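Q: I would like a close look at a single part of this model. Please keep the answer plain and connected.

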Amino acid sequence: MALVSCALVKSSPDEITNGIYTWKQGEERLRIRLQTDSAGYKIQSIGKGDQQTSAVVRQFQSLPSDIKLIRQSPDLDFVTFPVKYRPASEGVSPQLNSNINGALYLGYRLDRFKTQTQIGYQGSPDHFGISGGLFAGIGNTFISPTTTAGRQQLEYDGVVFIRGLAVILAVKRFTVGLAIGRDRLTDANDRNWIYRNKTWTGIAVGLNIN
């Protein structure tokens, strides 16, 4: 269960900040603690449990050319789904639904930063991120005789509980992902609703929280 996701995030996930990284340069591969300040970048080798394994500290005004930094971290987002695609159900043709909704997304994220190969490069590293995780939230959906197969005659906006899985990709500050999801109506017409626990796919737009 998941959903297609396209999210805007705040600046921190796509920037190199203080933290634990894997440093790759040529054949060299190190687990490091990186610190940034106005003077540049300082890195120090560490072992398991974030313990220092080397007294060697490297200091850079700017990052060397042709290196990769890989960061792993938890990912907490707020996402909303402006479009959902629902397959045909009980004689009703496939639907594209646009409703008010929102959910919290919790996943595990990997970010890769790669500097350019030219000497003296001063710009921002190329960035690519990928995250996979779960989402859950609430939304609304139109309830009518059509969406209940004629089992009730009222028309109203029902509240639904939404949940699923998502895989989100990020390039710089633009993120897009793939997922599917399922909804449950929160009132007595849940058993009459033709989309009860039926899988949908969609588009999500979100904001990174952590």
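Between which strands is the loop in which Leu 154 lies? Please go through the surroundings of that residue, then turn to the aromatic side chains.

A: The model is predicted. In it, Leu 154 belongs to the loop that runs between strand 9 (126–143) and strand 10 (156–171). Leu 154 has a relative accessibility of 58%, and because the cut-off for exposed is over 50%, this residue counts as exposed. Even so, Leu 154 has contacts: leaving aside residues up to four places away in sequence, it touches Ile 143, Ser 144 and Pro 145. For one of these, Ser 144, the separation from Leu 154 is 10 residues in sequence and 5.9 Å in space, taken from C-alpha to C-alpha.

Now the aromatic side chains. With ring centres within 6.5 Å as the rule for a pair, there are 6 aromatic pairs. In one of them, Trp 23 and Phe 60, the ring centres are 5.8 Å apart and the planes lie at 20 degrees, so this pair is stacked. Trp 23 is in strand 2 (residues 19–25) and Phe 60 in strand 5 (residues 52–60), so the pair ties together parts that are 37 residues apart in sequence. Both Trp 23 and Phe 60 are buried.

Elsewhere, ring pairs join Phe 81, Phe 135 and Trp 200 into a cluster. Trp 200 also has a charge over its ring: the charged end of Lys 84 sits there, 4.6 Å from the ring centre. Another charged residue, Arg 86, lies over the face of Tyr 195, with 5.1 Å to the ring centre.

Methods. Residues are numbered from 1 along each chain as its sequence is written. This is a predicted model: local features need pLDDT of at least 70, side-chain atom pairs count only at pLDDT 80 or more; totals for chains, interfaces and linings use all residues. Side-chain values use heavy atoms; hydrogens and water are left out. Rings of Phe, Tyr and Trp (its six-membered ring) pair if their centres lie within 6.5 Å; planes under 30 degrees apart count as stacked, over 60 as edge-to-face and the rest as tilted. Helices (H or I, at least four residues) and strands (E, at least two) are DSSP runs, numbered from the N terminus. Buried means under 20% relative accessible area, exposed over 50%, partly exposed in between (1.4 Å probe, protein chains only). A charge sits over a ring if NZ of Lys or CZ of Arg is within 6 Å of the ring centre and within 35 degrees of the ring normal. Contact means heavy atoms within 4.5 Å.
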